Amino acid sequence: MTDAQWAIIEPLLPAPGNTGGRGGRPEKHSRRLVLDAIFYLVRGGIAWRQLPVGFPPPTTVYDRFRAWAKAGVWQVIHDALRDLVRVYEGRDPQPTAAIIDSQSVRGADTVPRTSRGYDAGKKINGTKRHLAVDTSGLLLAVIVTIAGLQDRDAAHRLLTRLRERFTTIALVWADAGYTGRLLVWARNVLHLSIQIVKRTDPGFVVLPRRWVIERTFAWISKHRRCVRDYETKPDHHEAMIHIAMIMTMSRRLARTGNW
């Protein structure tokens, strides 16, 4: 991290346990150094035990990642940065529209059978990440499922999570894989209008609205830990996606904001 990125992220970190009234020893390693190690791993796609010697011990770094994933800290930091980016773009922090799509990724041997499946359409054995983003591509909600789960089935969970977190959203764009009873259910239960953006021309065509979420998938895939699924738990996979977007947004804010 640069000094500007650290100035943005540091106030969003939770208080250490011993200063929060829960006792415990003071943290031995610098939080900035621990975050640098986590960012280094996510960007480079290495294993935890392959962290260079200059970082804190791999077990310490992993324990901090796991504890913050369990406590929802990564999502809290991500959501705060997303709101800041929207404000700096002159937009309201609460979005009114979203785009949803999914991406299947191959699972490594560290992914257990219980959290992986086979996507016959993409011929991928692994997991599937389902995303909802705003109209500029910033992440709003994510769930990770087995790759064999149909998009329209996972969309029930994704849209429910989206509605729980954003009451202002009224319109959602999606591809043809989300047609059917999902549209009626979303309208009657969640009060969401889903508009299907269909492909009309053969070959590569930039489709309205759908290109935005494809760009988000590209942002995430720049971080090599997210190119494949190496995580033993789906919530750790979701945390990796949040961290990838935290790195993306903090760099953007560091270039534009006076921190």
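Reader: Leaving aside neighbours within four places in sequence, which residues is E238 in contact with?

Author: The model is a predicted one. E238 lies in helix 8. Once its neighbours within four places in sequence are set aside, the residues in contact with E238 are V142, I143, V144 and R161.

Reader: How far apart are the C-alpha atoms of E238 and V142?

Author: V142 is one of the residues in contact with E238. Along the chain the two are 96 residues apart. In the predicted model, the separation of their C-alpha atoms is 6.7 Å.

Reader: Does E238 count as buried or exposed?

Author: A residue is buried when its relative accessible area is under 20%. The relative accessibility of E238 is 15%, so E238 counts as buried.

Reader: Which residues of helix 3 are buried, and how are they placed around the axis?

Author: The buried residues of helix 3 are V61, R64, F65, W68 and A69. Around the axis they cover an arc of only 130°, which means that they are on the same side of helix 3. As a general rule, an α-helix has 3.6 residues a turn, so residues three or four places apart point the same way. The arc asked about is 130°.

Reader: What do the buried residues of helix 3 pack against?

Author: Helix 3 covers residues 58-71. Its buried residues pack against three elements of the chain, given here with their residue ranges: helix 2 (31-44), helix 4 (73-88) and helix 8 (234-256).

Reader: What length does helix 3 reach from its first C-alpha to its last?

Author: Helix 3 has 14 residues, and 20 Å is expected at 1.5 Å a residue. The helix comes close to that value, with a reach of 20 Å.

Reader: Which residue just after helix 3 takes a positive phi?

Author: The phi in question is about 75°. The residue that takes it, just after helix 3, is G72.

Reader: Which residues of helix 4 are buried, and what covers them?

Author: Buried in helix 4 are V73, W74, I77, H78, D79, L81, R82, V85 and R86. Their cover includes helix 1 (3-9), helix 2, helix 3, strand 4 (139-146), helix 5 (151-165) and helix 8.

Reader: Which residues is I38 in contact with, leaving aside neighbours within four places in sequence?

Author: I38 lies in helix 2. It is buried, with a relative accessible area of 0%. Beyond its neighbours within four places in sequence, I38 is in contact with V61, F65, W74 and I243.

Reader: How much space lies in the largest cavity, and which residues line it?

Author: The count of cavities of 30 Å³ or more comes to one. About 30 Å³ of space lies in the largest cavity. Its lining divides into three nonpolar, four polar and three charged residues. Those residues are V111, S115, T127, V144, D229, E231, T232, K233, P234 and H237.

Reader: Which strand gives the most to the lining of the second largest pocket?

Author: The second largest pocket holds about 310 Å³ of space. Strand 1 (97-106) and strand 2 (117-119) each supply at least two residues of its lining. With four residues, the strand that gives the most is strand 1.

Reader: Which lining residues lie nearest the centre of the second largest pocket?

Author: The pocket is lined by 18 residues. By class they are four nonpolar, seven polar and seven charged. Nearest the centre lie S102, D119, K122, K128 and D151.

Reader: Where is K123 found, and is K123 buried or exposed?

Author: The phi of K123 is near 55°, which is a positive value in a residue other than glycine. K123 is found in the loop between strand 2 and strand 3 (124-133). Its relative accessibility is 56%, and the cut-off for exposed is over 50%. K123 therefore counts as exposed.

Reader: What is the phi of H191?

Author: H191 is found in the loop between helix 6 (181-190) and strand 6 (193-196). At 60% relative accessibility, H191 counts as exposed. H191 is a residue other than glycine with a positive phi, near 60°.

Terms used. Residues numbered from 1 in each chain as written. Predicted model: local features only at pLDDT ≥ 70, side-chain atom pairs only at ≥ 80, totals over all residues. Heavy atoms only, no water. Expected span 1.5 Å × (residues − 1). Buried < 20%, exposed > 50% of the residue type's maximum accessible area, 1.4 Å probe, protein only. Arc of directions from axis to C-beta. Contact = heavy atoms within 4.5 Å. 1 Å grid on protein atoms, 1.4 Å probe; cavity = no way out; pocket = protein on both sides within 12 Å on 5 of 7 lines; lining within 4 Å. Points joined across faces, edges and corners; volume = space filled by probe spheres on them. Nonpolar A, V, L, I, M, F, W, Y, C, P; charged D, E, K, R; others polar.
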